[in-house]
Amino acid sequence: MPAYLDTTPCPTPAWLPEGHSQTIFASRFSSHHHTSFTRERVDTPDGDFIDFDWTAPGLAPGAPLGPETFAQLAASANTPAASSNGLVLFHGLEGSSASHYAQAISQYFRARGWTVVVPHFRGCSGEPNRLPRAYHSGDSADIAFMLNTARQRLPGLRWHAVGVSLGGNALLKYLGEAGSSAGWLAAAAGVSAPLDLMAGGRALGTGWINRHVYTHMFLRTLKAKALQKAQRFPGTIDVIRVANARDLYEFDDAYTAPAHGFRDVNDYWTQASSKPLLIDIAVPTLVLNARNDPFLPARYLPDASQASNYVVLHQPEQGGHAGFPTGRFPTNLNWLPQRLADFFRSGR
């Protein structure tokens with residue numbers, strides 16, 4: 001059986017008429033509640049670290065995290081203040097737990113008693129990671145490590161996973177590769193995931209806004225981090241090519257691909273794309289992409305035949321990239337977490 005295709009609209013306001021305005025306004029101006037987290041640093045098997053930001057009923061921001069704290073959280077599940085549900089939330093390119101979508105989603109589920117954890121991709125938590133490598137759009141091994149870490153801390157919870165943008169692509173790729181072995185997850189969702197990295201990368205390199213707003217924003221921090229690594233690890237990074245990169249294609253060819261074992265950017269973008277693996281997903285999964293997302297043209301979105309019957313493809317006409325602003329001026333970000341909650345509850 002094919003996937004279920006949902007075209008129910010996201011009610012974006014008429015004065016945000018297209019994808020760029022919806023994307024930028026949601027990121028910069030839309031109102032949302034703010035969440036404070038408690039951070040846990042976890043060492044990885046290859047000698048690096050990943051920072052996990054936790055929030056839950058009864059967990060004070062900044063409180064020390066250890067076995068006793070997690071035992072208390074486990075004991076409090078199914079009390080009036082808490083639920084037995086957990087959510088692992090993966091952020092996007094150069095994002096963090098402070099990103100607007102991470103804040104809105106975390107607050108929504110935390111307010112309903114869920115335990116929420118935002119693991120940071122390497123180098124995204126405010127401190128450089130320890131190795132020459134960083135993170136990439138198809139990092140299934142790190143996704144597996146992050147999910148398993150959360151599950152080990154609180155094995156009694158019904159765990160769910162959400163990935164946004166790059167985090168969404170990486171999560172969906174992991175789910176396709178894992179198949180039924182990821183069945184311990186109750187449900188998952190990929191939001192605004194660049195399912196076809198080649199198409200998405202070319203889109204971000206085309207057009208004035210894509211090149212001079214989004215690409216410029218990403219390259220500002222990506223280049224700085226890579227050049228800092230070059231100072232710490234001399235001879236491992238082509239600093240001239242990194243410094244001169246004008247778009248994500250050139251940056252990924254100069255740094256991301258070679259640093260993570262890919263032949264070149266074309267090899268990286270091909271191997272790391274999640275779209276070919278949607279057909280292998282065996283966990284109830286929502287794949288949410290606005291058809292006006294400036295990061296991935298609608299013609300590259302999958303149809304129902306390209307995903308398994310565990311997948312719901314929700315493709316509203318409006319919403320932008322990781323935006324989905326709704327309501328009166330200055331809009332709010334409530335629609336996205338509500339859509340996720342509806343899917344987790346009903347499977348549709």
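**Exercise 1.** Find the residue that caps the N-terminal end of H9.

*Solution.* Start at Asp247: one of its side-chain oxygens sits 3.2 Å from the backbone nitrogen of Tyr249, and that caps the helix's N-terminal end. Helices here are DSSP runs (H or I, at least four residues), numbered from the N terminus. A quick word on the model: it's predicted, so local features need pLDDT of at least 70 and side-chain atom pairs pLDDT 80 or more, while totals for chains, interfaces and linings use all residues. Residues are numbered from 1 along each chain as its sequence is written, and side-chain values use heavy atoms, with hydrogens and water left out.

**Exercise 2.** Work out which residues of H9 are buried and what they pack against.

*Solution.* You get Leu248, Phe251, Asp252, Ala254, Tyr255, Thr256 and Ala257. Next, look for their partners, counting heavy atoms within 4.5 Å as contact: H6 (197-204), H7, H8 (239-244) and H10 (265-272) turn up. Finally, step just past H9, where Gly261 takes a positive phi of about 85°.

**Exercise 3.** Describe the largest nonpolar core.

*Solution.* A nonpolar core joins buried Ala, Val, Leu, Ile, Met, Phe, Trp, Tyr and Cys residues through side-chain atoms within 4.5 Å. The largest has 64 residues, and Trp54, Phe90 and Leu147 are among those with the most contacts inside it. Helix H5 (166-178) gives the most to this core, seven residues. Apart from it lies another core of 29 residues, including Cys10 and Tyr101.

How values were computed:
Buried means under 20% relative accessible area, exposed over 50%, partly exposed in between (1.4 Å probe, protein chains only). Helices (H or I, at least four residues) and strands (E, at least two) are DSSP runs, numbered from the N terminus. A polar contact is a pair of N or O atoms within 3.5 Å; within protein, one must be able to donate a hydrogen and the other to accept it, and residues adjacent in sequence count only if both atoms are side-chain atoms.
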